[in-house]
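Open the model in your viewer and keep the sequence panel beside it.

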Amino acid sequence: MDILQVKDLTFIHNEKKRWLKRPEVFQLGPVSLSVKRGETIAIIGENRSGKSLLAKLLVGALPADAGEIEINTHKYLAKYQSKDGQRKRTHDIRMILQHSSESMNPSVPVGKILDEPLRLNTGLSEAERKPIIEDMLVKVGLLREHYYFYRHMLSDGQQQRVALARAIVLKPKVLVADEPFAALDPTIRSQTVNLILQLQQELGLAFIFISHNLGIVRHIADRIIVMESGEIVEEGKAETIFRWPQHTRTKKLVTAYQSLVPQNTIRE
Ligand SMILES: Nc1ncnc2c1ncn2[C@@H]1O[C@H](COP(=O)(O)OP(=O)(O)OP(=O)(O)O)[C@@H](O)[C@H]1O
């Protein structure tokens with residue numbers, strides 16, 4: 001079953017007021033895609049191909065110019081959203097940002113950081129919210145006591161877990177992550193990857209992530225979307241994309257990856 005369906009999502013950015021510089025026009029789309037429950041989709045592509053922009057449009061962090069997004073049978077117009085609509089969408093689809101630690105306010109304890117989405121988007125009382133937050137901390141491999149910790153008391157890996165807990169505390173159906181593993185060292189990276197895979201199974205979460213790391217993409221993605229200049233130029237099963245890339249951009253990306261890893265690990 002498709003949990004997310006995107007139809008003709010379009011964004012046109014025309015920055016006219018850039019003094020002394022040529023006006024920049026960037027168009028994304030029209031983009032159409034669908035994601036199944038529990039599926040993992042990787043978005044890859046060259047720099048400035050529109051990957052992060054697509055992620056922001058999907059979660060509603062930026063308004064699109066046209067198109068329609070359907071999540072868990074709820075339809076949202078990409079262009080306009082009522083407050084109620086946005087609240088519903090926040091429950092259905094959530095995003096983890098590129099530098100999760102930077103988005104953690106250093107003067108606010110972990111518990112309050114996780115409390116914010118619940119306070120703003122549910123009618124639950126403080127007494128009802130606290131056990132949900134503590135359960136969530138345990139779910140991502142932290143301790144209940146971490147509720148009272150501040151950012152500087154946590155390692156990078158723990159901060160990433162807090163970001164993950166914050167993203168899933170509303171029990172979304174779709175999780176979108178922009179380069180979630182880029183800033184992490186290899187050990188913490190593989191722990192985070194495994195944690196996400198485990199949560200996906202437990203919660204039936206669909207996971208859409210942007211990455212330049214094709215090793216991780218190959219390891220965890222079911223399907224891959226390749227972007228170039230604001231358009232999807234290729235899409236398919238991960239293994240098919242790696243073995244038989246069709247579009248020139250995909251071929252370039254796959255060849256660059258293959259040159260980094262021993263051949264026998266690519267074609268077993
Ligand atoms: N908030 C925004 N408002 C207007 N235009 C934007 C916005 N964010 C991105 N863009 C436009 O989208 C283009 C693509 O940027 P985007 O960050 O999506 O690329 P990307 O594929 O994620 O690149 P990278 O791999 O380097 O992160 C940019 O050139 C910019 O013109």
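Select the ligand first, then its shell: His13, Glu24, Phe26, Gly45, Asn47, Arg48, Ser49, Gly50, Lys51, Ser52, Leu53 and Leu62. A residue counts as near if its C-beta atom, placed from the backbone, lies within 6 Å. Strand S2 (24–36) and helix H1 (51–59) each give two or more residues to this shell. H1 gives the most, with three. Helices (H or I, at least four residues) and strands (E, at least two) are DSSP runs, numbered from the N terminus.

A word on the model. It is predicted: local features need pLDDT of at least 70, side-chain atom pairs count only at pLDDT 80 or more, and totals for chains, interfaces and linings use all residues. Residues are numbered from 1 along each chain as its sequence is written.

Next, select leucine 137, in helix H4 (residues 126–139). Is leucine 137 buried or exposed? Leucine 137 is buried, because 22 other C-beta atoms lie within 10 Å; the cut-off for buried is 20 or more, with C-beta atoms placed from the backbone. Now show valine 162: 25 residues from leucine 137 in sequence, the two sit 7.4 Å apart in space, C-alpha to C-alpha.

Zoom out to the whole chain. Nine helices and 10 strands make it up. The C-alpha trace spans about 55 × 45 × 45 Å along its principal axes. Of the 268 residues, 36% are buried.

Key:
Buried ≥ 20, exposed ≤ 12 C-beta atoms within 10 Å, placed from the backbone.
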